[in-house]
Amino acid sequence: MEQTETKLEAQRSEMKGISKWIFEIGAVCLVLFYIYSAGFGSAAEQYHLGFYLIVTYALIGLVYKFRAKSPASRPSLLDMLLVGMSVLSLGYWIVEYPNLANRAGAYTRLDIAMGAIALIASVEVSRRTVGWGLPVIAAVGILYALFGRAMPEAIAHKGFTPSRIIEYCFFSQAGIFGIMANVMATYVILFIFFGAFLEKSGVGQFFINLPMSLAGRSIGGAAKVSVVTSGFFGSVAGSAIANTVTTGTFTIPLMKRTGFRPHVAGAVEASASVGGQFLPPVMGAGAFLMAERTGLPYSHIALISIVPAILYFLSVWMMVHFEAKKEGLERIPDSEIPKLSVLLKTNWYYLLPLLTLIGMLIAEHTAYNSAFYAILVTIGVSYFRPETRLTPKRIWGAMVTGAKNSLAIGGAVGTIGIIVAVIDLTGLGRIFPDLVLSVAGDSRFIAVLLLAAASLVLGMGIPVTAAYLITSELAVPILTSPELGVSVIAAHLIIFWLSQDSNITPPVALGAYAGAAIARADPWKTGWTCFKFAKLLYVMPLLFAYTHILLEGTLVQNVLSVATAVVGTVIFSMVTMGYFVRKTHWYEWILLALAAFLAYIYNLWAFVIALAIVAVVYFVQKRSEAT
């Protein structure tokens with residue numbers, strides 16, 4: 001779902017003949033099985049999880065090449081070996097599931113052998129789909145589990161035998177068939193399938209035209225269209241990079257045509273696309289994972305995530321507004337902007353899939369059941385126009401596309417399970433918090449900074465969903481400790497937001513690089529510009545830690561938190577862009593930076609002072625413009 005799009009060049013785009021048909025049949029079976037499960041009830045656990053992993057691994061073996069020089073149109077012998085290993089070991093888990101439960105703790109040699117094969121297959125499919133980052137971390141984790149006695153005293157443990165490690169990684173609920181597999185099979189892939197059906201049905205074009213009609217006439221309208229479009233797409237797409245590539249093919253050329261410099265256009269699209277990870281209903285799998293980890297209802301997590309997501313988009317919106325004013329950029333010609341009234345009158349029905357999804361979630365239907373009906377509504381809506389009708393051929397294509405889109409993150413599931421299992425088995429999840437707390441003490445600020453650095457480093461090599469899951473395993477106990485006292489949901493949201501930083505922060509900044517490719521701009525320059533536009537990503541975790549922005553306080557506390565955050569975000573955007581009424585002088589910039597800080601610190605008098613400072617700077621700049 002995230003960084004994994006960088007591995008698309010490893011796919012066999014030219015699969016032909018029987019290989020192509022086998023892949024497509026497998027893909028369609030995957031989609032049909034989980035759509036049916038969402039609508040009519042899930043199968044037993046061994047089939048629900050086992051079928052997902054066995055088909056995902058097999059499809060990856062078919063479509064992702066072992067190496068660049070492997071045949072482009074058919075699987076090689078090594079590819080077929082991976083498929084065979086996956087089917088053998090995961091099929092064994094499915095068939096032997098009841099017996100494995102009965103002999104827990106007394107596994108046979110055959111059980112251990114199958115577990116070892118499954119671990120090797122898991123590492124290999126993740127290498128093919130997301131690169132070497134996850135496999136290296138998993139290998140380091142296994143070595144740590146094996147040689148715990150030889151580690152430095154601060155992180156030492158008793159050490160475990162290879163068979164015990166295999167048992168825990170393969171047979172326990174913390175391993176390959178753990179939380180990541182469950183969330184993917186139950187929730188995430190359905191929304192990936194939903195996105196594929198939206199793309200094939202013509203609804204996607206409507207969600208480009210709607211932001212155009214809403215924001216196209218304003219200052220910096222092309223960039224604001226990008227912000228709104230990316231919000232619409234990202235709220236269900238679940239992937240910042242996929243969002244950048246999908247919407248950016250339209251919005252980036254539009255921004256360049258109205259005067260935005262190429263690297264700025266690419267950066268705006270990438271930073272806006274990252275915001276889609278924070279906006280319900282999908283949140284890039286984050287809401288579903290948090291619901292599993294915290295035990296809180298999905299609807300509650302989605303609800304409290306709305307205000308922070310809106311603040312993020314407000315920040316990017318205001319920054320592109322000030323950028324356009326500073327550079328004196330053109331507006332989109334009126335002739336290219338559809339009229340909102342006409343658009344809604346003739347295309348209102350394209351809103352139905354999203355409204356169905358949101359309405360059912362609000363009515364407290366399960367997320368997977370909501371996605372099921374949203375897919376059915378999407379198919380129905382497509383028949384309003386002959387050119388968008390989802391005929392059987394197009395439905396087949398949507399299912400193949402949806403399954404293929406799910407493979408990227410699906411390939412990481414098993415290896416993430418191995419890493420989480422090692423953390424749990426060795427006790428690292430208890431050791432790491434003590435180490436961080438010894439440095440941070442009772443300072444939430446220092447703790448968040450340390451975790452931001454750890455998340456950035458971890459995110460350089462693995463997908464952001466994996467970064468969130470692994471970092472939260474270690475970091476949530478830190479933030480919720482008596483010394484820091486952060487609530488459980490705030491701690492998870494802090495980690496989730498920080499886990500997105502590798503999409504927009506050099507040296508990795510994969511989302512920014514995707515935008516740069518479309519804009520034909522310098523990737524490095526685009527990356528740093530994207531970092532500037534997306535800076536609120538680093539501010540919001542501090543608000544989670546220090547304020548009631550998650551609406552968990554009293555009415556007065558909640559209102560004050562939202563009001564100060566909105567004003568602080570607008571001022572923060574002025575500071576970031578160095579522009580208010582006009583370009584700011586250095587002393588005005590310092591005053592506005594102070595105002596932003598005062599607005600954010602969650603104090604009524606500080607908030608009043610912040611407003612007064614902004615008013616003074618406004619009148620000074622207005623007066624200087626008039627003279």
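**Note on selected features of the predicted model**

1. Ser 271 sits within helix α11, which covers residues 262-275, and the description here rests on a predicted model. With a relative accessibility of 0%, Ser 271 counts as buried. Leaving aside residues up to four places away in sequence, Ser 271 touches Tyr 312, Val 316, Ile 504, Cys 530, Phe 533 and Ala 534.

2. Helix α14 spans residues 306-327, 22 residues in total, and reaches 32 Å from its first C-alpha to its last, which is close to the 32 Å expected at 1.5 Å a residue. Just after α14 comes Gly 328, which takes a positive phi of about 60°.

3. How do the axes of helices α22 and α25 cross? Helix α22 (residues 488-498) and helix α25 (residues 536-546) have axes that come within 9 Å and cross at roughly 170°. Because angles over 145 degrees count as roughly antiparallel, α22 and α25 are roughly antiparallel to each other.

4. The contact between these two helices involves Ala 490, Leu 493, Ile 494, Trp 497 and Leu 498 on the α22 side, which meet Leu 536, Leu 537, Tyr 538, Met 540, Pro 541, Phe 544 and Ala 545 in α25. Sorted by class, the contact of α22 with α25 has 12 nonpolar residues, with no polar and no charged ones.

5. Arg 520, in the loop between α23 (510-519) and α24 (523-533), has a phi near 55°, a positive value in a residue that is not glycine. At 76% relative accessibility, Arg 520 counts as exposed.

6. Leu 551 is placed in the loop between α25 and α26 (555-577), and although Leu 551 is not a glycine, its phi is positive at about 60°. Is Leu 551 buried, partly exposed or exposed? Its relative accessibility is 38%, and Leu 551 therefore counts as partly exposed.

7. On the cysteines, a search of the whole structure finds 0 disulfides. Cys 29, at 40% relative accessibility, counts as partly exposed, whereas Cys 169, at 1% relative accessibility, counts as buried.

Notes: Residues are numbered from 1 along each chain as its sequence is written. This is a predicted model: local features need pLDDT of at least 70, side-chain atom pairs count only at pLDDT 80 or more; totals for chains, interfaces and linings use all residues. Side-chain values use heavy atoms; hydrogens and water are left out. Axes are lines fitted to C-alpha atoms, for helices over the stretch in contact, and angles run from 0 to 180 degrees between N-to-C directions. Helices (H or I, at least four residues) and strands (E, at least two) are DSSP runs, numbered from the N terminus. Angles under 35 degrees count as roughly parallel, over 145 as roughly antiparallel, 65 to 115 as roughly perpendicular and the rest as oblique. Contact means heavy atoms within 4.5 Å. Ala, Val, Leu, Ile, Met, Phe, Trp, Tyr, Cys and Pro count as nonpolar, Asp, Glu, Lys and Arg as charged, and the others, Gly among them, as polar. Buried means under 20% relative accessible area, exposed over 50%, partly exposed in between (1.4 Å probe, protein chains only). The expected span of a helix is 1.5 Å times one less than its number of residues. A disulfide is a pair of cysteine sulfur atoms within 2.5 Å.
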